[in-house]
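Me: I have a structure open and I'd like to talk it through with you. Could we begin with the ligand and then move on to other spots?

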Amino acid sequence: MFQNRHPWIFSGAIRSVQGDPADGDIVTLRGESGVFLARGYWNHHSQINVHALTWDEHETIDDAFWATRLERAIAARSVENALHKSGSPNAYRLVNAENDAIPGLVVDRYADWLVVQALTKGIDQRKATLARLLMERLEPAGIYERSDVEVRSKEGLTQATGVLLGQEPPALVEIEENGRRFLVDVHAGHKTGFYLDQRENRDLFGAWMRDDKSVAERTVLNCFSYSGGFSVYALGAAAQVTSIDASADALALAQRNIAANGFDAAKSELVEGDVFEVLREYRTAKRQFDVVILDPPKFANNQRQIEAAARGYKDINLLAFQLIKPGGTLITFSCSGLVDAHLFQQIVFGALVDSHRDGQIVRRLTAAADHPVALTFPEGMYLKGLWCRVW
Ligand code: SAH
């Protein structure tokens, strides 16, 4: 287990504790022979007793350590952004927690602002230091904390939001993504405000909508649309875009984002409702679309929920197949890490067969490059998508 360098050390792997470490303290893990294994931060509250920070005995965990780790993550984004075809985005994930060798810390950039999530005690305790190091290196206008996430309870932490350093961000921060403008609610929006992980997929989708003229005047159904990400990319190249979301706030922001990009509101239909129900109504009404996008929230939070999640995915994918015109396109995602790519493909296959349609996978999709997956941390691989042509 330790040989695999997985950063989570569970309580069952620890035979004894010497001394009396306080939660958040740096501890050293040793094998029975006394051999050094790892160093990380401790928390007796969590089943993950230790989050490993280094496997190198000579590496001490001090300010210089955190600075080096942050610099590594920041440098990787500079390279990725330079490679980005459609110019440098000004909103992206700067630090992807375990996957950037900083367990428990998420940092997202939105234009001049950084938004931070401290998911563990070890990070929560050091968030002032980490904010100072980020401020010194990146000089944002402000660093805002969005640690209002359920996982903190497993660490014995309550939720926390507010300014960590610098100024308070405005109610809506404007970002630019692949030439589109989006307003982001960093105070109360989902995650840290925007689904940054879908940036490259939205870009691919937008380029395809613009360039593939094999179908004129496409109609697009964007299910689980949130603040209108995929809808904004579809508008301008589509005859009609229907966006469905259960959240009225998300749809209100979608409407503003559509207007901010200069699109005709008459081509955009915003529907507040439950996708499971609305798709059934469309099926009964025999409504058909050229393109259907399914980007639902996480359906499986633990092993026990996998079966119900699979039924949920099957249901919406079956409905989607039934609503797609022959020769149309389904772009379907799952962000449940516990439903792996293989299982997800099987579910979509089952839905296809039940719909009596035929289909091909044209592309496999994943999270954007600013959401790297550490090879030692397969849990980091959560978003997968299938871009399918449907006959
Ligand atoms: N594709 C979006 C992100 C989608 S996030 C983007 O690119 O930004 C998932 C969205 O699903 C959230 O906005 C949430 O409000 C919505 N949602 C969750 N359950 C739903 C349901 N049963 N019906 C409709 N919307 C739902």
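This is a predicted model: local features need pLDDT of at least 70, side-chain atom pairs count only at pLDDT 80 or more; totals for chains, interfaces and linings use all residues.

Me: Which residues are the closest to the ligand?

Reply: The ligand is surrounded by 15 residues, and the closest are R202, D245, A246, V275 and D295; a residue counts as near a molecule if one of its heavy atoms lies within 4 Å of it.

Me: And what polar atoms lie by an oxygen or nitrogen atom of the ligand?

Reply: A polar side-chain atom of R202 is 2.7 Å from an oxygen atom of the ligand, and an N or O atom in the side chain of D295 is 2.6 Å from a nitrogen atom of the ligand. With A246 a backbone N or O atom is involved, and it lies 3.0 Å from a nitrogen atom of the ligand. A polar contact is a pair of N or O atoms within 3.5 Å; within protein, one must be able to donate a hydrogen and the other to accept it, and residues adjacent in sequence count only if both atoms are side-chain atoms.

Me: How much of the ligand does the protein bury?

Reply: The ligand taken alone exposes 590 Å², and the protein buries 89% of that. Accessible areas come from the Shrake-Rupley method with a 1.4 Å probe, and for residues only the protein chains shown count as cover.

Me: New topic: how many disulfides are there?

Reply: A search of the whole structure finds zero disulfides, a disulfide being a pair of cysteine sulfur atoms within 2.5 Å.

Me: Is C223 buried or exposed?

Reply: C223 counts as buried because its relative accessibility is 0%. Buried means under 20% relative accessible area, exposed over 50%, and partly exposed in between, with a 1.4 Å probe and protein chains only.

Me: Now Q288, where is that?

Reply: Q288 is in the loop between α7 (275-284) and β15 (289-294), where helices (H or I, at least four residues) and strands (E, at least two) are DSSP runs, numbered from the N terminus. Q288 is partly exposed, at a relative accessible area of 33%.

Me: What does Q288 touch?

Reply: Not counting residues up to four places away in sequence, Q288 touches T219, Q322, L323, I324 and K325, where contact means heavy atoms within 4.5 Å. A polar atom of the Q288 side chain also lies 3.0 Å from the backbone oxygen of Q322.

Me: Last one, where is D100, and is D100 buried or exposed?

Reply: D100 sits in the loop between β5 (91-96) and β6 (105-110), and D100 is buried, with a relative accessible area of 10%. A polar atom of the D100 side chain lies 2.7 Å from the backbone nitrogen of N96.

Notes
Residues are numbered from 1 along each chain as its sequence is written. Side-chain values use heavy atoms; hydrogens and water are left out.
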